[in-house]
Amino acid sequence: MRAWHFAERPDGEPTLDSFELREYERPTPRHGELLVRVRYLSVDPYMRGRMRDADSYAEPWAVGDVLRGGVVGEVVESGSDRYAAGDLVAGRGTWAEYSVLDADDATPVDPEVADLPAYLGVLGMPGRTAYFGLLDVAEPRPGDTVVVSGAAGAVGSTVGQLAGLNGCRVVGVAGTDEKTAWLTDDLGFDAAINYATTDDYRAALDDAAPDGVDVYFDNVGGPITDAVFTKLNVDARVAVCGQIAHYNAEAVPTGPRKLPQLIASRATVRGFLVTDYATRADAARERLGGWVRAGDISHRETVVEGLEHAPDAFLGLFSGENVGKQVVRVAE
């Protein structure tokens, strides 16, 4: 089998030099483990933080480690009574052709609900991040204006649709005309801003959110967030999910000071992690699956073909190549 390993820590934006593909014998599962033939693996922006030798909410990768992330695949050998060979499961695995999963942490996959890549997106960790970040942290109310940055990604696209289901006006911020058209034409966003072709973010927000911003779901940080903070209404809620604009920066720029703007708005700003809600993960999966099955939530995956191209798929996240969830097809 082949597996990707972490070869060196990058300075600034990662390159292919940070990855090394190795070949060795596939492992044998122990009691309580599953050997899974990986069909799809996930690449996610948070993984950039694991490349740093610094304390963070995600444990740093050691140089030489096999790279880890979400996978969906078929059980080949089972050391657990919960699953048998041939079952489809999702879980935390490795960037490899075969991966050993803890049976207690694996979840069953039903292709009748959605295709397999969706279990790494809307029905996986990104979907649960959107679910808890919007509904528990941001607490949307009918009639609220909700602005979502990184809106065409796996998390942001789900956030916007959940906000719409809760009776909100939804504004998405994304980086291409294709993405903004997908948000408004296919996902039901009320307005979308292409930040790459917009010279004045504050003016664009005035047009898209003329009554101000009640909820801001922040996946990006940087100048977009600076602009949104000037539009926050009284009692606004800000859910800080990610800061992808800063992930490759060696020194984070200070930017405009935002705290004074929170005084007049009396806004609440709260960061969160999806792992905070681990005990409620099954309930979130069930509700998200129901919405997907009913057609109330749409999803899209950008599929990169071949394990050998997994690093390219990861690097593509930082140049905005994906629409929806970025995944790698490892095997049919």
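A: One term to start: Ala, Val, Leu, Ile, Met, Phe, Trp, Tyr, Cys and Pro count as nonpolar, Asp, Glu, Lys and Arg as charged, and the others, Gly among them, as polar. By that scheme, the lining of the second largest pocket has 12 nonpolar, 5 polar and 4 charged residues.

Q: What kind of model is this?
A: This is a predicted model: local features need pLDDT of at least 70, side-chain atom pairs count only at pLDDT 80 or more, and totals for chains, interfaces and linings use all residues. Residues are numbered from 1 along each chain as its sequence is written, and side-chain values use heavy atoms, with hydrogens and water left out.

Q: Which domains is the chain divided into?
A: Domain 1 (2-120 + 300-329) and domain 2 (126-275). The bounds come from an automatic or database domain assignment.

Q: How many residues of each are in contact?
A: 19 residues of domain 1 touch 14 of domain 2. Contact means heavy atoms within 4.5 Å. The domain centres, taken over C-alpha atoms, are 28 Å apart.

Q: New topic. At what angle do helix 2 and helix 8 pack?
A: About 100°, for helix 2 (residues 125-138) and helix 8 (residues 281-294), with axes 10 Å apart. Axes are lines fitted to C-alpha atoms over the stretch in contact, and angles run from 0 to 180 degrees between N-to-C directions. Helices are DSSP runs (H or I, at least four residues), numbered from the N terminus. The two helices are therefore roughly perpendicular (65 to 115 degrees).

Q: Which residues of helix 2 make the contact?
A: Gly127, Arg128, Tyr131 and Phe132.

Technical notes
Angles under 35 degrees count as roughly parallel, over 145 as roughly antiparallel, 65 to 115 as roughly perpendicular and the rest as oblique.
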